[in-house]
Structure formats: C-alpha cells, structure tokens
Amino acid sequence: MVSKMKLARVETGLTQAQLAKQVNATRQTIGLIEKGEYNPSLNLCIAISKALNKTLDDLFWEGD
Amino acid sequence: MILSFLNVFLPEDEYKRLRVLYFMAEAAFLMGGLLMLGSALNNYWLKWNLDSTEVTFILMMFPMLMVGYTYFRYIFSGIEHTEVSNKRGYKEERRVAGKRALLVGVLFFIIFVIVKGIPTNYYERIDMIALPIVFTLLYFLFDLVSLKRSAKKNNELED
C-alpha cells in the first residue's frame with residue numbers, strides 16, 4: 001500500500017532527500033516512515049505536514 | 001528533545017537517535033547481566049583470587065565491551081550512511097571511507113609513538129608498523145561493512 005505521505009510528497013514534487021532536508025531528518029528516515037516501518041514523533045509529523053502543505057489528518061489518519 | 005548528557009553521543013536525526021539509544025540500553029542491560037553472572041560465578045563456584053591489576057583490567061573491559069557492542073550494532077544496522085543508495089554515491093563514500101581510514105591510521109601511529117616511545121629493537125619496530133596497519137585495515141573494513149549495509153537498506157527504501 002502506498003502511504004498517504006508518499007502520495008502527498010510526489011504530488012508536491014519533492015524527492016525523499018529534499019523533504020528530509022526541509023524537516024531536518026535523513027532520507028532513510030523519510031523512507032522508513034513512508035514504508036510504515038517507523039512511527040515518527042509528533043514534532044516530525046508536524047514538520048512533514050507543513051512541508052507538504054497538508055494537515056496531520058491528511059497524512060497520518062488511517063480512518064478513510 | 002529530552003535533556004540528557006547522552007545527547008552529546010546521539011545523532012540529530014530522530015530515527016537514528018532512537019536506534020542508537022536502544023543499542024546503548026541493550027549494551028547496558030547485557031553488561032548488567034554479565035556482571036551479575038560474574039559475581040554469582042565468583043561467589044559460588046570459581047572463587048577468583050584476583051590482584052588489583054586484574055581487577056582493574058576486568059573493570060576496564062566492561063566499558064570497552066559496551067562501546068564495542070554499541071559500535072557493532074550501529075555498523076550492522078545500516079543506519080550510518082543514510083543518503084547512499086546508488087552506485088555513484090556508494091563509490092564516492094567508499095573513497096571517503098578510505099581517506100578517513102588512512103587519517104585514523106596515521107593518528108593511531110602518532111599516538112602509539114607518543115605512548116610507547118621510539119622503538120629500540122626489532123620487535124618493537126615491527127609492532128610500531130604492523131599495529132597501525134592492522135588498525136587501519138580493520139577500521140576500513142568495518143566502515144565498508146557499514147556502507148554496504150546502509151546502501152542495501154537505503155535501496156529498499158528508495159522513492
């Protein structure tokens with residue numbers, strides 16, 4: 001399953017490395033979050049949401 | 001970020017920080033177990049009668065083991081080189097690793113000379129040359145293993 005975060009990132013036209021740089025993380029960490037292998041802290045979630053112009057619900061809520 | 005003196009030893013990226021923290025905690029837990037096992041063995045079976053030099057050696061071994069355990073877990077987890085995933089990046093990092101190993105080897109040699117002094121016989125001269133070379137090769141080998149594991153992990157996570 002492609003994660004909402006990955007879809008949003010591709011939509012925004014950012015690479016994993018570019019997003020990682022914007023949120024002060026590493027490309028590996030972004031890859032792990034997109035694959036669902038790492039649960040980021042709330043601070044990192046917020047930073048990612050801001051970088052991708054989305055809300056936390058848009059990216060990380062699994063309801064719909 | 002949680003305030004702790006450990007922050008000095010931890011990476012900035014939160015995933016790496018968490019993993020390294022786990023490695024350190026595992027090392028501390030295992031060392032605690034080893035110490036308990038050692039004291040139980042000493043109390044009920046072996047009855048070691050150690051002099052102060054041997055006690056110092058054993059006590060010094062524990063922090064070394066802790067650092068070693070954390071270092072090897074870090075290397076084999078593939079989290080050191082977080083940006084390397086393609087062949088070009090891999091080759092570039094390998095070149096950098098080679099230079100770093102050489103630099104570390106030279107530093108090791110200088111410290112060795114300062115601590116041991118100028119060699120006076122054949123065996124000391126062999127030691128002075130062989131030890132830094134072995135140290136440099138091992139350093140490079142571990143760096144290479146770390147690089148390979150990192151590249152493999154990053155490849156699996158790529159866009």
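1. Helix α3 (residues 27–34) of chain A crosses α4(B) in a left-handed sense; a crossing counts as left-handed if the near helix is turned anticlockwise from the far one by less than a right angle, and as right-handed if clockwise. Helices here are DSSP runs (H or I, at least four residues; strands are E, at least two), numbered from the N terminus. The two pack at an angle of about 45°, their axes 9 Å apart, where axes are lines fitted to C-alpha atoms, for helices over the stretch in contact, and angles run from 0 to 180 degrees between N-to-C directions. α3(A) is therefore oblique to α4(B) (under 35 degrees is roughly parallel, over 145 roughly antiparallel, 65 to 115 roughly perpendicular, and the rest oblique).

2. The model is predicted: local features need pLDDT of at least 70 and side-chain atom pairs pLDDT 80 or more, whereas totals for chains, interfaces and linings use all residues. Residues are numbered from 1 along each chain as its sequence is written, chains are lettered from A and ligands numbered from 1 in the order in which they are written, and side-chain values use heavy atoms, without hydrogens and water.

3. Arg27(A), Gln28(A) and Leu32(A) of α3(A) touch Ser150(B), Lys153(B) and Asn154(B) of α4(B), contact meaning heavy atoms within 4.5 Å. This contact comprises one nonpolar, three polar and two charged residues; Ala, Val, Leu, Ile, Met, Phe, Trp, Tyr, Cys and Pro count as nonpolar, Asp, Glu, Lys and Arg as charged, and the others, Gly among them, as polar.

4. The contact between the chains takes 17 residues from chain B and 18 residues from chain A. About 1500 Å² is buried between them, 45% of it on carbon and sulfur atoms; buried area is the accessible area (1.4 Å probe) that two parts lose on being put together, summed over both. Glu14(B), Leu157(B) and Asp159(B) supply 43% of the area that chain B buries against chain A, more than any other three residues.

5. One joins Glu11(A) and Lys54(A), at 3.4 Å from N to O. Glu11(A) lies in helix α1 (residues 4–12) of chain A and Lys54(A) in the loop between α4 (42–51) and α5 (56–60), so the pair ties together parts 43 residues apart in sequence.

6. Within chain B, helices α3 (residues 87–116) and α4 (residues 122–156) pack at about 150° with axes 8 Å apart, and are therefore roughly antiparallel. Their crossing is right-handed, and the contact has 18 nonpolar, three polar and seven charged residues.

7. Helices α1 (residues 14–46) and α2 (residues 52–77) of chain B pack at about 140°, with axes 9 Å apart, in a right-handed crossing. Their contact has 14 nonpolar, two polar and four charged residues, among them Phe23(B) of α1(B) and Phe62(B) of α2(B).

Note on methods:
A salt bridge is a side-chain nitrogen of Lys or Arg within 4 Å of a carboxyl oxygen of Asp or Glu.
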